[in-house]
Amino acid sequence: MPLRRSAAAVVRRLTGRSQPDPAPAPVDPSTDPSADPKAERRRRLMSLDLTELAVEFGTDKWGVHRYTPHYQRHLEHLRGKKFVLLEIGIGGYSRKRRSGASLKMWRWFFPKARIVGLDIEDKSFLDGGHIATYLGDQTDPVILKRIIAEEGAPLVVIDDGSHIPSHVRTTFATLFPLLPDGAIYCIEDIQTSYWPAWGGALDPRAPGTSMDLVKDLIDGLNHEEFLVEGYEPTFTDTHVRAVHCYHNLVVIEKGDNVEGSNRDTAAHSFHGSNDDPSADT
Ligand SMILES: C[S@@+](CC[C@H](N)C(=O)[O-])C[C@H]1O[C@@H](n2cnc3c(N)ncnc32)[C@H](O)[C@@H]1O
């Protein structure tokens, strides 16, 4: 009678082991980085903070400037949110490969956001996925309103365009009233306020600069305390909730700024009259 060996017995005789080697487990691309380099890159970028992303994509928001830690602090709460971010000034100038560094940085910091860029040069080669670009001048209300009509009102605006104070002011005047409550409006490189070659002024307190606008906004935070007879609050008086100033960067928060004043109950007599002293002569 032929001797019939079981498969297990054959394996035992040939290898000295009682079981055949198990077949290699199928590779799960979601857990094995080498299986899907794209997924691995995605995971790596999603784990970076904003400064690391700035370095990764080569925007000067970190390095030449020190903006990213400030942005991280003010914008981190939006990381997982769906919203529109508009950056004015896409950058790169004639170097196509360097274009859109900050748009790419934002795209990875805000994976669910729509990242929109506006530039006076055509950057449409960056369009796709989460990123959309528009060609136009930041002082042109038509293009700014078109962006809002097509993309929705941005919750975050970054003005990193011409940096010319009159442009910065015009853009702010057009966009700010159109933003939703809770919006964050950032102005970069505001030091041009002090540089005549950029349309600024030597006198740090000169009117008409970007910083002059910011100082008005700061006064406006306390507009309810003004004792100026017949003072009419401006739109920004009642809709700017906070102004954060850093070296060359300003972050403005939009929100209700009508809290009421204690000026009628405070004991003015303690410090004397609030009447204008020049009126006594
Ligand atoms: C400093 S770069 C932007 C850099 C980019 N945001 C980054 O962080 O990598 C300034 C950009 O603003 C654009 N720009 C200049 N004047 C403009 C204007 N009036 N309207 C819109 N964009 C303008 C320039 O073409 C340039 O691409």
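Here is a short chat about a few residues in this predicted model.

Tutor: Residues are numbered from 1 along each chain as its sequence is written. Since the model is predicted, local features need pLDDT of at least 70 and side-chain atom pairs count only at pLDDT 80 or more, while totals for chains, interfaces and linings use all residues.

Student: Okay, what makes His163 buried?

Tutor: A residue is buried if 20 or more other C-beta atoms lie within 10 Å of its own, exposed if 12 or fewer, and partly exposed in between, with C-beta atoms placed from the backbone. His163 has 22 other C-beta atoms within 10 Å, so it counts as buried.

Student: Why is Ser166 called partly exposed?

Tutor: Its 14 C-beta neighbours inside 10 Å put Ser166 in between as well, so partly exposed it is.

Student: Where does Ser166 sit?

Tutor: In helix H7; helices are DSSP runs of H or I, at least four residues, strands are runs of E, at least two, and both are numbered from the N terminus. His163 lies in the loop between strand E4 (156–159) and helix H7 (165–175).
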